[in-house]
Amino acid sequence: MKYDNNIPYKIYLEEDQMPAGWYNVRADMKNKPAPLLNPGTGQPMGFEDLRPVFCDELIRQELDNDTAFIPIPQEIREFYRMYRPSPLVRAYCLEELLNTPAKIDYKFEGNNTSGSHKLNSAIAQAYYAKQQGLRGVTTETGAGQWGTALSMACSYFGLDCKVFMVKCSYEQKPFRREVIRTYGASITPSPSDTTNVGRAILARNPNTTGSLGCAISEAVEVATTTPGYRYVLGSVLNQVLLHQSIIGLETKAALDLYGITPDIIIGCAGGGSNLGGLIAPFMGEKLRGEKDYRFIAVEPASCPSLTRGVYAYDFCDTGMVCPLAKMYTLGSGFIPSANHAGGLRYHGMSSTLSQLYHDGYMEARSYEQTKVFEAAVQFARIEGILPAPESSHAIRAAIDEALRCKQTGEEKTIVFGLTGTGYFDLVAYQKYNDGQMTDRIPTDEELQASISRLPKIPG
Ligand SMILES: *Cc1c(COP(=O)(O)O)cnc(C)c1O
């Protein structure tokens, strides 16, 4: 074992070393992410336009491209203390198994009941909804992690929470559904016959297993037609990346304690929030020309928005009720095959990350799920943690980079985001263990069919 006595297996920050503010990477971007557009007029959406849908303070954060440091309110900091700072773990055992000269660290965000990083933004969004005097919030959940996190956050602040859960996950993950109900939220499989948009989607496609895009449309409809409710979203939006910057800030603080500078930073990318948060302070240094890093976004081959999508304005949801966002997208009508990494089944990518990728600050790659689970099992056996399928995309890329270092003899430091645990994904592990997991990659024709239906921008 090449254990280095100067660098512990886990670096834990003290509670009072937790960042006092979130870092807004947009402040350091020369090319700002493109604004949200009103789908009717093609005009950028301002504060007043977004108020029927989102909480006021969250809209301010969404539109703020200039303030680098946004203080974390005391109430949120207190909640963070229940499960943060999260550990930065040196994967000594994995390094030894791979026999690589590379050093591998991972930031583990699965140490809370929701099992993922999503709680970091859920608690912030619930706090601002409460501050505004709202009665409740609505949302969608894909794999269920966001719904779980939001139901926890809402119960903490005494807010009502209505969750639309993508139908295939609702059926595949009864236990996650039950955690959500235990925290007092109501939960509806989507598409449902409880909304206009759900009924329309079902009429067109009665056998659909649903998608995040469908569920978003339903949640937005309920929020905008129920007094005292707003819609909240667990990924994609600028505000979510802002809250998730706590991951990157803690990672940087922990590395700085030991004078470690990473070379390669890797994260899985669904809507882009954990990756955006993990890389934020490092990307800031790169944008300011202070340091250079390689950033790698990893996505499923079944839903490859960065690697095979187009950079264009698109709807954030299948029902086409949300604003238009400029992003790498496969088209809002794209419904990915039933990949087990439910949290990565989104047709688009955060506008902030899309702009950074477009400007060449970041790389992207995709993997088939069998390759991802191979890495997940290897990691679970040697590092002890049973990883979420989503997180395992980052593990796959980290292992591949470490193996590349083995060939070249490079002693690179690789940091990756281990976003969550896989306890609710055991049906997926069962499929893999039984040798029944298959890979379904969309053809160019399928992608083209959905991309050709991108909206025309009025005016
Ligand atoms: C939701 C989720 C993701 C993907 O979402 P991002 O917004 O891209 O971070 C990744 N890992 C886990 C465990 C998740 O729950």
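Visitor: How far apart do the C-alpha centres of domain 1 and domain 2 lie?
Guide: Heads-up: this is a predicted model, where local features need pLDDT of at least 70, side-chain atom pairs need 80 or more, and totals for chains, interfaces and linings use all residues. Residues are numbered from 1 along each chain as its sequence is written, and side-chain values use heavy atoms, leaving out hydrogens and water. The chain splits into domain 1 (50-74 + 117-231) and domain 2 (88-114 + 238-451), with bounds from an automatic or database assignment. Their C-alpha centres are separated by 23 Å.

Visitor: How many residues of domain 2 are in contact with domain 1?
Guide: Contact here means heavy atoms within 4.5 Å. Domain 1 brings 37 residues to the meeting, and domain 2 brings 33.

Visitor: Which residue has a polar side-chain atom 2.5 Å from a ligand oxygen?
Guide: Polar contacts pair N or O atoms within 3.5 Å. Gly270 uses a backbone N or O atom, 2.7 Å from a ligand oxygen, and Gly272 does likewise at 2.8 Å. The side-chain one, at 2.5 Å, belongs to Ser235.

Visitor: How much of the ligand's accessible area does the protein cover?
Guide: Accessible area comes from the Shrake-Rupley method with a 1.4 Å probe. On its own the ligand has 380 Å², and the protein covers 98%.

Definitions and conventions: A polar contact is a pair of N or O atoms within 3.5 Å; within protein, one must be able to donate a hydrogen and the other to accept it, and residues adjacent in sequence count only if both atoms are side-chain atoms.
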